Amino acid sequence: MKIDRSILSEEDYQKLVALNNPKVMEIVETYANLCEPAKIKVITDSPEDIAYVRQLALEQKEERPLAMEGHTVHFDGPKDQARDKKNTRVLLPKGKKLSKHINSIDREEGLKEILGYMKGAMKGKIMLVRFFSLGPKNSRFTIPALQITDSAYVAHSEDLLYRQGYEVFQKLNGSPEFFYFVHSAGELDENGNSKNIDKRRIYIDLEENRVFSVNNQYAGNSLGLKKLALRLAINKAVYEGWLTEHMFIAGVHNLDKTRKTYFLGAFPSGCGKTSTAMIPGNTIVGDDIAYIRLNEKNEPHAVNIERGIFGIIKDVNPVDDPLIFKVLTTPREMIFSNVLVHDGKPYWTGMGIEIPDRGINFQGEWYKGKKDENGKEIPPSHGNARYTIRLEDLENVDPMLHDPNGVPMRAIIYGGRDSDTSVPIFQTFSWNHGVFIGAALESETTAATLGQEGVRKHNPMANLDFIVVPLSDYLKAHFKFGKKFSKPDLVQIFSTNYFLKDENGKFFDDKVDKKVWLTWAEGRIHGEYDAIETPIGYIPKYEDLKVLFDKIFQKEYSKEKYEKEFAIRITKWLEKLNRVEKSFESEENMPQEFYDELNALRNRLLAAKEKYQAEIIPPSSFE
Ligand code: SPV
Ligand code: MN
């Protein structure tokens, strides 16, 4: 190893040697020499090594202790509060092409740029070398992952969110088959935040299954295992015949708790994915990223590649999210990020108690009415402030979380933030119809990415930010996957919309109402309810929803409301189809199934418009 041995202790060196993996050695050597850290620390799965990282985050002031035992807070810089889509690019080798929706840069040019930014980026800092397992260990789903970072916050977060994997690397027997991530927060300012935000870059190198990330700290940009690994895994899955999705996994229970059916669901960031996975009465396997593979009987199974939640904290309160709220307010190891801190206690918007009018937040010293440089009032906590916890800390964690075989997938939900087009829930007619509905997903933007909020954007499978292959290849992989199932109807695909508004601009539904839609969907899979066939798919019958609202919430559900929210808005749907068609217009080699489904849906809508001579058709018309 050609490395300055004064920065690597014999003990740490031996931890690397024990892996007997030439590629690991080469990577550590390369990036130690490039980034020039003052010290290299190799972290195994041992409790002492794990504790070292936790302690280092405090010593380096990347995290500060809060009053409650185990709780810490981390602040990202004012301009580093969400994923940076603009500066996240796929390194594109000469001659390769990608969709216009996917940011890319010539591979050689990009490598030169980002490795240039990484040169000497760890001067005076400690380079941490960490090993993880994406997915349960000892499983055909497992992908080993190596993280190099100079941020103890990044390494600590990953410890809460992922399964430790030094042991997995030991079992690799020297194989070079793993993902790796090199991150540096870069030069830091007096608050410990990345200084050169204009040089923030996240570059994805599919040729080498690696991602470089520099001059940032926000987890969605910095943590290799999270959205950076998601991108590498999508590429791997699409060409190997399985799926990597931006999906939660949950066990949906029927009301008398005699049955559990596993649902997966894709929602754009900030659109109810975690809260759907956390519906009371159900169990959670994961809230963000799933790998889905067929077993030997051609039945799809899914695993959560994570073991924790990096969740949006806004509006987490004892009424809407009692189980998460309890975790956030009791002693345990966990990290708050970008909340307001006053007297050692964390506060956030929508927590259900009064927030103090001063404290420390992501902008530093904060007081009520304080304005930013553009004269805009600074909120006490950022809209994308988050908590990082382990799933096992939740009472409703599913017992199959670490099962190496995953859980059987029986349903998928696609849902976006849609104020005026689709109904609260419908069931698609087939796998292909469902894939089309996923591909046609649109959503109004939220605080989870930098940029304006509330703009309608096309977001296929809620995965667009992470798709690094031509969209046509990605969709083909979906259509193909369903064809292999042992039975064509093994998986049912549903669409939800929690954000539909009435004529006065008010949400039709309460947040908690999603339990009714999910309970209905679970029943549909087991043949419990009849449904109404409409041009967009099967919708629930009023009588069934009335009973469910009564049983679950002892709430009256009026026929009048049902007729309004489940009306088929023909014109709005046709407009949506036009937008989606246009969005895919420039894609080459689109799968025929996509156009078959698009045309069939459009024709069904037009036929209904003709038959009922109306633009908005209430559900009773279709009965
Ligand atoms: C998301 O934005 O989809 C998240 C949080 O899950 S992040 O880590 O920023 O991706
Ligand atoms: Mn996500």
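Author: The domain assignment divides the chain into domain 1 (10–241), domain 2 (245–307 + 401–622) and domain 3 (310–393), with bounds that come from an automatic or database domain assignment. This is a predicted model, in which local features need pLDDT of at least 70 and side-chain atom pairs count only at pLDDT 80 or more, while totals for chains, interfaces and linings use all residues. Residues are numbered from 1 along each chain as its sequence is written, and side-chain values use heavy atoms, with hydrogens and water left out.

Reader: Why is α1 called oblique to α2?

Author: The axes of helix α1 (residues 10–17) and helix α2 (residues 22–35) cross at roughly 140 degrees and come within 9 Å. Angles under 35 degrees count as roughly parallel, over 145 as roughly antiparallel, 65 to 115 as roughly perpendicular and the rest as oblique, and therefore α1 is oblique to α2.

Reader: Which residues make the contact between α1 and α2?

Author: Tyr13, Leu16 and Val17 of α1 meet Val24, Met25 and Val28 of α2, where contact means heavy atoms within 4.5 Å.

Reader: How do you know that domain 1 and domain 3 are in contact?

Author: Under that contact rule, 29 residues of domain 1 are in contact with 28 residues of domain 3. The two domains bury about 2300 Å² between them, 58% of it on carbon and sulfur atoms; buried area is the accessible area (1.4 Å probe) that two parts lose on being put together, summed over both. In domain 1, the residues that lose the most area to domain 3 are Phe75, Gln81 and Leu160, together 27% of what that side buries.

Reader: What makes Arg390 and Asp159 a salt bridge?

Author: The term asks for a side-chain nitrogen of Lys or Arg within 4 Å of a carboxyl oxygen of Asp or Glu, and the side chains of Arg390 and Asp159 meet at 3.2 Å, N to O. Between domain 1 and domain 3 the count is 3 salt bridges.

Key: Chains lettered and ligands numbered in written order. Axes fitted to C-alpha atoms, helices over the stretch in contact; angles between N-to-C directions. Helix = DSSP H or I, 4+ residues; strand = E, 2+ residues; numbered from the N terminus.
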